[in-house]
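Colleague: Can you walk me through this one? I'd like the helix packing, then a few loop residues.

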Amino acid sequence: MKNKNFLKGFLLGILSSVAGMFLFIMLVNGGVLNLTGGNSGSHAALRQKINSKVNVLEAYIDKYFLDDIDEEKMATSVYKGVINGLGDDYAAYYTAEEYKEIMEKTDGIYCGIGAYIATDTKTGLVSIVKPIKNSPAEKAGIKAGDLIYAVDGKEVTGEEISSVQALVKGEKGTKVVLTIVRKDEQKKVTVTRDEIEEDTVSCQLLDEQIGYIQVTGFESVTPNQFKNALKKLEKKDMKALIIDLRDNGGGLLDAAVEMLDQMLPKGVVVYSKDKEGNKQEYYAEDDDCFKKPLAILVNGNSASASEVFAGAIQDEEAGKLIGTTTFGKGIVQGLFGLKDGSAVKMTTAKYYTPKGRNIHGKGLTPDIKVEQSDEKNKLPVSKKEVDNQIKAAYDYLLQEIAK
């Protein structure tokens, strides 16, 4: 068993510097406290208070704690505790491994098999939600609904989804063997990993030349995918457009701005203010803009970058918002990578629509309110079934086309 007395050095060394670490984080974020200024007294008092409490904790642990101590886990808990103590719902400390996964997600590009997977919280079963089009998974014959029993011989039932994802991902060109269960039949499928670009945009042309683009997230790959979708629909003589941002929880602010640049005339599309009142403006810079009738579908899960996009469209009267009130996340998080590969995230500013609206805690109110129902509607020509909110957007755009 490891000597628990290491805590005297370990915890005092880490926890007594919590205040210093907090100051460092805030200084990285723009310099709001002065180590040698008026805050030095309160800093020293906080340090002394922490040291005193750690001494008490260390004594109890030394005397009573039964098991071995995982030093790395304890250190991580301390770092996470510092950030949790900010009281910021969106703040977080990420280990190097967690940070790497986050960056892969925001890049929208990673090396793996190219399939969305999920874990049933009740049964622990891991299933394929959907293979990405033309991905290694699809080419290997993996289908939506397949259960993953094992990865390279390691059973994964009951495992955390992040652990399964880590097993499936790997270097480009390497192989992974999935044990798949389909209709009570078990078989092994070998998949060669490749670089995957996540599909965040899909499009189709509805009746009466009305285009439909669904955006599921704002990642680094999204603006280009969005641009290609617009071009594809324009080639089909699109007369009007529906952009579906329902259940889109946001992502990268820069991605939303780049997409707005394709839709709006030159000018400010969003701006932010930090705690010092410093203002940062983001612009549409292209001469081109979208001039056809436009409807944006939103709901209570449309948040953050989705609200930046929808709010700018609404302010500039370039289109109508249809659906229900959005989530209401009008704040910006800064993500700061640290030297050891870990990172911290915290709220650093509020953002505002072009007309100066901050919708945090309030959301965007649709121009045309339509509660979603289970009702299915058929389009008049193709008889394609769509939900009632898409149908409402379709009907609105038909009227605009007819003007």
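Modeller: Ground rules to begin with. Axes are lines fitted to C-alpha atoms, for helices over the stretch in contact, and angles run from 0 to 180 degrees between N-to-C directions. Helices (H or I, at least four residues) and strands (E, at least two) are DSSP runs, numbered from the N terminus. This is a predicted model, where local features need pLDDT of at least 70, side-chain atom pairs count only at pLDDT 80 or more, and totals for chains, interfaces and linings use all residues. Residues are numbered from 1 along each chain as its sequence is written, and side-chain values use heavy atoms, with hydrogens and water left out.

Colleague: Fine. How many helices and strands does the protein have?

Modeller: It has 11 helices and 21 strands. Of the 403 residues, 41% are buried (under 20% relative accessible area; exposed is over 50%, partly exposed in between, with a 1.4 Å probe and protein chains only).

Colleague: Now packing. At what angle do α9 and α10 cross?

Modeller: Roughly 25°, with the axes coming within 9 Å. The two helices are therefore roughly parallel (angles under 35 degrees; over 145 is roughly antiparallel, 65 to 115 roughly perpendicular, the rest oblique).

Colleague: Which residues make the contact?

Modeller: From α9, L253, A256, M259, L260 and M263; from α10, A305, V308, F309, A312 and I313. Contact means heavy atoms within 4.5 Å. By class, this contact has 10 nonpolar, no polar and no charged residues. Ala, Val, Leu, Ile, Met, Phe, Trp, Tyr, Cys and Pro count as nonpolar, Asp, Glu, Lys and Arg as charged, and the others, Gly among them, as polar.

Colleague: How many residues of α10 are buried?

Modeller: 11 of the 11 in α10 (residues 305-315), so that helix is largely enclosed by the rest of the structure. The buried set includes E307 and D315. After α10 comes E317, with a positive phi near 55°.

Colleague: What about α8 against α9? How do those axes cross?

Modeller: At roughly 25°, coming within 8 Å, for α8 (residues 222-235) and α9 (residues 253-263). These two are therefore roughly parallel as well. α8 passes α9 in a right-handed crossing. The contact uses T222, P223, F226, K227 and L230 of α8 with A255, E258, M259, Q262 and M263 of α9. Its classes are 6 nonpolar, 2 polar and 2 charged residues.

Colleague: Switching to loops. Is S342 buried or exposed?

Modeller: S342 is buried, at 2% relative accessible area. The residue lies in the loop between β17 (331-337) and β18 (343-352). Beyond its neighbours within four places in sequence, S342 contacts Y93, Y94, T95, A96, Y99, F336 and G337.

Colleague: What does the S342 side chain make a polar contact with?

Modeller: The side chain of D340, at 2.5 Å. A polar contact is a pair of N or O atoms within 3.5 Å; within protein, one must be able to donate a hydrogen and the other to accept it, and residues adjacent in sequence count only if both atoms are side-chain atoms.

Colleague: Where does Q209 lie?

Modeller: In the loop between β10 (201-206) and β11 (210-215). Phi of Q209 is positive, near 60°. Most residues other than glycine have a negative phi. Q209 is partly exposed, at 27% relative accessibility.

Colleague: And K383, buried or exposed?

Modeller: K383 is exposed, at 52% relative accessibility. Its place is the loop between β20 (376-378) and β21 (385-387). Phi of K383 is positive too, near 65°.

Terms used: A crossing is left-handed if the near helix is turned anticlockwise from the far one by less than a right angle, and right-handed if clockwise.
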